[in-house]
Structure formats: C-alpha cells, structure tokens
Amino acid sequence: SDYENDSDSNYHRSQLMATKSLKKSKQKDVFTIPKFGLTVLGNSHGFDPTSSTTGFVVWINGKGVMVDPPPHSSTVLLEHGIQPKSITAIILTHCHADHDAGTFQKMIRDDKVDLMTSATVFESFTRKYSAVSGLSRTFIQQLVNFRPMFLEEPNYWNGAQFRFFYSLHSIPCVGFEVCYDGKSIVYSGDTFYDR
C-alpha cells in the first residue's frame, strides 16, 4: 500500500523500533556479586573527554571496595545492575582529581562508607576538598569512617588481608595487594615504571 511505502511512516516505524531496542538494552540483569573478584568502572585517564577515569570495584565476601571511584560512579554502578549500597568501602590511592573526585562525590551523595588509605593521603584529601568546597575539614572527615592503612603491614577488611605500599609518583600514592581465600589482586596505583 501507499502507506507502507511512505518514507515518513517508515522513518517513524524505524524510530519506534530503535526506541524499543534501546529500552530493552538499558534493562540490566541483577548483578551477582562474586565472592572475590573485580569489576572495572573506567579505564582511561583524566585528560580523556570521551571515557571514564580508571576505577574499579574489588568484591570481597559479598561486599564491594571501590578503588579511586570515577566521577558519577554510582550512576555507572546502576547502569550495570549493581546497587551502590553494595559498596561499603573506598580505597583512595592519591589526591589527583582523576582519582579523588569520585571519592568526594560518593561521600556527599551516598551512605557513609569506610575510606581506606594512608594517613598522609587522607590528610591531603581533606585539606584539598576543604579548600575546593568551602566545607570544614572536620565536616569532611565526618562523612566517612576513616580506616588508616598501615604500610607494609597486614590490614584486614571483611575477611581479606590487604598490604598497602607507596608507589613512585609525583605526590604520595599507595598501591595494594589484597588476598582472600587463597587468591590475590595487586594494584600499583599510579607509578613510574620504565621496563
């Protein structure tokens, strides 16, 4: 019929089909949290306007530790079927904006979490975000449960053992190894490595 050959009608039908397909693709299954594993939230750098900065979740015994949360990480989690409340801790490696902006955003937006880092990095973080936001350092400190991580010593969280160490970077920066149930994950943080 003339109606089926009408280009406007074909256009509207294709738009409707594309909209239905888009709605279907946005529906995510519920994420199954691994006993021990890793979910990447972003894998780029702070100067890339098209991708999210490097950040990930380490899953340990049913709970998540977000490492250097990218900005808008709660939205990214939801897009992947992960409830932001399943993240109960953050590891902050250092205070460059491509690593700490999402940390501050999560502290303001979501429930109180454990913040795991060295005392030096935490001090830098509270000083920086007090200056940036106009909020007192005391107020910022009250937004998290600061858990100081002792370098080169065992630190424990949710049944896992962490070993934190300093990385070679332009400002104080930590990396870590986490061991759980006979397996381990190592993250260097930002570091200079030329081999």
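Colleague: The expected span of a helix is 1.5 Å times one less than its number of residues. How far does α5 reach from its first C-alpha to its last?

Modeller: α5 has 15 residues and spans 21 Å, close to the 21 Å expected at 1.5 Å a residue. Helices (H or I, at least four residues) and strands (E, at least two) are DSSP runs numbered from the N terminus. The model is predicted, so local features need pLDDT of at least 70 and side-chain atom pairs pLDDT 80 or more, while totals for chains, interfaces and linings use all residues. Residues count from 1 along each chain, and side-chain values use heavy atoms, without hydrogens or water.

Colleague: Which residues of α5 are buried?

Modeller: Val121, Phe122, Phe125, Thr126, Tyr129 and Ser130, buried being under 20% relative accessible area with a 1.4 Å probe, protein chains only.

Colleague: Where do they sit around the axis?

Modeller: They line one face of α5, because they fall within an arc of 160° seen down its axis.

Colleague: And just after α5, what does Gly134 do?

Modeller: Gly134 takes a positive phi of about 80°.

Colleague: Switching to the sheet. What order do the strands have?

Modeller: The sheet is open, with six strands in the order β1-β2-β3-β4-β5-β6 and mixed pairing. A pair needs at least two DSSP bridges.

Colleague: Which strands stand at the edges?

Modeller: β1 (36-42) and β6 (145-148) do; each has a single partner strand, so one side of each lacks a neighbour in the sheet.

Colleague: How many bridges join β2 to β3?

Modeller: Five, between residues 55-60 of β2 and 63-67 of β3, and the two strands run antiparallel. Val57 has Met66 in β3 as its bridge partner.

Methods. Buried < 20%, exposed > 50% of the residue type's maximum accessible area, 1.4 Å probe, protein only. Arc of directions from axis to C-beta.
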